[in-house]
Amino acid sequence: MSTLSVILSVINGFSSVAGTIGNLLVCFVIFRNEELQAGINYFILNLSVADLCVCSVAQPLYIYYLNQKWSDRNFMYFKIVSYVALHASFFNLLSLTTNRLFAVWLSLEYGTVMRGKNIALVVSVGWLLSIVVAILFSSTPLQKPAPYFHFSMLIMFLLMYAKIFTIARKQRRQIVSQYEAISHNYRVRRIAQDHLTTRTLAFLIGNSVILFLPDLVFQLKGSSDYMRFRWSFTTMFLSSFLNPCVYAWRSEKFRVALFNSLGFSRRRSKTNVVALQDFKTLKGECVRGTIDNSIRIINIEALAVMEANLTGT
């Protein structure tokens with residue numbers, strides 16, 4: 001057993017166990033808390049199921065074959081299983097990104113279209129495509145154009161997020177210019193939530209793009225399967241371990257639900273309580289007009305994000 005095999009086995013062993021626990025917790029928390037059972041969280045749940053398959057099935061299989069004598073036949077079995085899990089994670093992240101683009105671009109239609117049956121249809125199509133693409137790219141002549149397909153997928157992610165970011169920034173500017181409207185507080189709160197969700201999605205996309213990029217480079221360079229097996233599969237598997245870490249880091253609501261689901265009561269720290277009181281005081285001054293208009297416009301937008309962070313929305 002080589003030193004490299006030992007190092008890769010330790011890395012994958014740790015991320016497999018930690019990723020399995022993390023993705024199980026995401027699924028458990030969403031199933032346990034009705035307030036989290038809303039549009040975008042269904043896609044996060046489905047992404048966690050795909051990542052769970054990567055961490056609990058594909059990675060242990062990788063560790064096993066990593067410590068066996070190399071053979072093309074063994075790699076073929078491993079590749080089919082891992083490709084299904086990895087493409088499921090990739091396509092489910094694409095569904096999540098598409099859902100987010102739909103939500104910010106066609107917000108009026110989003111609530112009526114993205115409901116139970118339609119969400120289930122999108123999820124089912126994602127899994128079906130994962131299985132079909134995995135089989136085609138691992139055992140047929142179509143595996144040759146696979147890197148170009150994967151490259152186009154990465155470009156699609158970046159273009160879709162650029163569109164989401166552009167629309168979200170435009171909406172925030174519109175809300176700031178309409179601060180005197182009656183429904184201002186609701187709109188600002190909604191935009192703040194969308195802003196936090198958009199930033200979370202950026203971390204998820206960035207995580208996948210960066211960690212899938214080494215394998216894409218190996219494929220485009222025409223590297224052997226042995227080279228890819230040794231080096232790039234570990235980075236791709238790490239994305240499934242990091243995704244639940246991103247949820248826990250970015251969502252205060254998820255963390256609170258996690259603590260409650262595990263039977264731990266979590267109180268706000270004194271720092272957060274004081275900060276929230278300061279926020280309410282400053283917000284009241286802005287609403288009463290005791291701060292001049294130029295400062296008020298800037299602060300209203302910033303305070304909305306501050307409120308979302310402090311209250312966990």
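**Exercise 1. Find which residues line the largest cavity, and which elements they come from.**

Start with the basis. The model is predicted: local features need pLDDT of at least 70, side-chain atom pairs count only at pLDDT 80 or more, and totals for chains, interfaces and linings use all residues. Residues are numbered from 1 along each chain as its sequence is written, and side-chain values use heavy atoms, without hydrogens and water.

Step 1. Apply the cavity rule: on a 1 Å grid over the protein atoms alone, take a set of points where a 1.4 Å probe fits but cannot get out; lining residues have an atom within 4 Å of a point.

Step 2. Search the whole structure. Three cavities of 30 Å³ or more turn up. The largest has a volume of about 160 Å³.

Step 3. List the lining: Y83, L86, H87, F90, H150, L154, F212, D215, L216, Q219, R228 and M236.

Step 4. Assign elements. Helix 3 (72-105), helix 6 (146-177), helix 7 (184-220) and helix 8 (225-250) each give two or more residues; helices are DSSP runs (H or I, at least four residues).

Step 5. Sort by class. The lining has seven nonpolar, three polar and two charged residues.

**Exercise 2. Count the disulfides, then check C53.**

Step 1. Use the cut-off: a pair of cysteine sulfur atoms within 2.5 Å. The count is zero disulfides.

Step 2. Check exposure. Partly exposed lies between buried (under 20% relative accessible area) and exposed (over 50%), with a 1.4 Å probe and protein chains only. C53, at 28%, is partly exposed. C245, at 39%, is partly exposed.

Definitions and conventions: 1 Å grid on protein atoms, 1.4 Å probe; cavity = no way out; pocket = protein on both sides within 12 Å on 5 of 7 lines; lining within 4 Å. Points joined across faces, edges and corners; volume = space filled by probe spheres on them. Nonpolar A, V, L, I, M, F, W, Y, C, P; charged D, E, K, R; others polar.
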